[in-house]
Amino acid sequence: MKLTMLEKEVPMDEFYPKYVDVKKFTALCEECPEYGKSWSCPPIMFDVDKVWQSYSRIHICLLKMDIEPTDDPAKIYDMFRGNQHIISAKIYDMEEATPGSRALIPGPCDYCGEGNCARLVGKPCRIPAYMRNSMVSMSADCSATARDFFGLDLEWPKDGKPPAFMSMFGALLIK
């Protein structure tokens, strides 16, 4: 699996109006079997639009993973998830170096370990200072973002066959 990190920084007044749609993406999230199982996933307990509007720029990172014909289809998802740390570490480092910024990680927060979120037992986040949302949970259109900023049309598995590539997004919201 070949990995390529793509990055683009965009003014928020260019990104937010075109690529964030809370109503549309919250409705799509409701169809996910993970809906409501992590504090980083919808339903979100704060005003998502207000968060987006409180930042002036977004630094988008897309990790593209080209799938080789020799990659074992049964292991592709594990390889994909196994690379999540690459983009997460980059975004966390950027957040630490940029005062007032907010990291958006790929996928749900798993700081407490997958399947161990306190939300599952009706409790508040154990470590809210470390919990992060993703671009998707914050209602960003990642397909349009990939197409318009990186020239990529996201692909999905079809007829049991993996796509030519998979991708994951992280971002840094900058004051």
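**Note on the sheet and its covering helices**

1. In this predicted model, the elements that cover the buried residues of helix α6 include β1 (2-11), α1 (12-19), β2 (57-66) and β4 (165-174). The buried residues of α6, which spans residues 142-150, are Cys 142, Ala 144, Thr 145, Ala 146, Phe 149 and Phe 150. An α-helix has 3.6 residues a turn, so residues three or four places apart point the same way.

2. The two ends of α6 each deserve a remark. At the start of the helix, a side-chain oxygen of Asp 141 comes to within 3.2 Å of the backbone nitrogen of Ser 143. Just after the helix, Gly 151 adopts a positive phi of about 70 degrees.

3. How do α1 and α6 pack? Their axes are 11 Å apart and the angle between them is about 140 degrees. Angles over 145 degrees would count as roughly antiparallel and those from 65 to 115 as roughly perpendicular; α1 and α6 are therefore oblique to each other. Their crossing is right-handed. On the α1 side the contact is made by Glu 14, Phe 15, Lys 18 and Tyr 19, and on the α6 side by Ala 144, Thr 145, Asp 148 and Phe 149. Of these α6 residues, Ala 144, Thr 145 and Phe 149 are among those that are buried.

4. The sheet is open and is formed by 4 strands in the order β1-β2-β4-β3, with antiparallel pairing. Strands of a sheet pair through backbone hydrogen bonds, either parallel or antiparallel.

5. The individual pairings can be followed across the sheet. β1 and β2 run antiparallel and are joined by 10 bridges, with Lys 2 opposite Asp 66 in β2. Asp 66 in turn has Phe 165 of β4 as a bridge partner. The antiparallel pairing of β2 with β4 extends over 10 bridges; within β4, Ile 174 is the bridge partner of Arg 57, and Ser 167 stands opposite Lys 64. β3 and β4, also antiparallel, are joined by 3 bridges, and here Ala 103 stands opposite Leu 172 of β4.

6. How much of β4 is buried? The strand is mostly covered, with 10 of its 10 residues buried. In a regular strand the side chains alternate between the two faces of the sheet. Both faces of β4 are covered: one side carries Phe 165, Ser 167, Phe 169, Ala 171 and Leu 173, and the other Met 166, Met 168, Gly 170, Leu 172 and Ile 174, all of them buried. β2 is likewise mostly covered, with 9 of its 10 residues buried.

7. α1 lies across β1, β2 and β4 and runs at about 105 degrees to β1. Helix α5 (residues 84-97) packs on the sheet and touches β1, β2, β3 and β4; its direction makes about 10 degrees with that of β4.

8. Ser 167 is found in strand β4. Is this residue buried or exposed? Its relative accessible area is 18%, and the limit for a buried residue is under 20%, so Ser 167 counts as buried. Apart from its neighbours within four places in sequence, Ser 167 is in contact with Leu 62, Leu 63, Met 65, Phe 80 and Leu 154. The C-alpha atom of Ser 167 is separated by 19 Å from that of Val 10, a residue 157 places away along the chain.

9. With 8% relative accessibility, Ser 38 is buried. Its side chain makes a polar contact of 2.9 Å with the side chain of Ser 40. When neighbours within four places in sequence are left aside, the residues in contact with Ser 38 are Pro 108, Cys 109, Cys 117 and Arg 119.

How values were computed:
Residues numbered from 1 in each chain as written. Predicted model: local features only at pLDDT ≥ 70, side-chain atom pairs only at ≥ 80, totals over all residues. Heavy atoms only, no water. Buried < 20%, exposed > 50% of the residue type's maximum accessible area, 1.4 Å probe, protein only. Contact = heavy atoms within 4.5 Å. Polar contact = N/O pair within 3.5 Å; in protein donor to acceptor, adjacent residues only side chain to side chain. Pairing = 2+ DSSP bridges. Axes fitted to C-alpha atoms, helices over the stretch in contact; angles between N-to-C directions. Parallel < 35°, antiparallel > 145°, perpendicular 65-115°, else oblique. Left-handed = near helix turned anticlockwise from the far one by under 90°.
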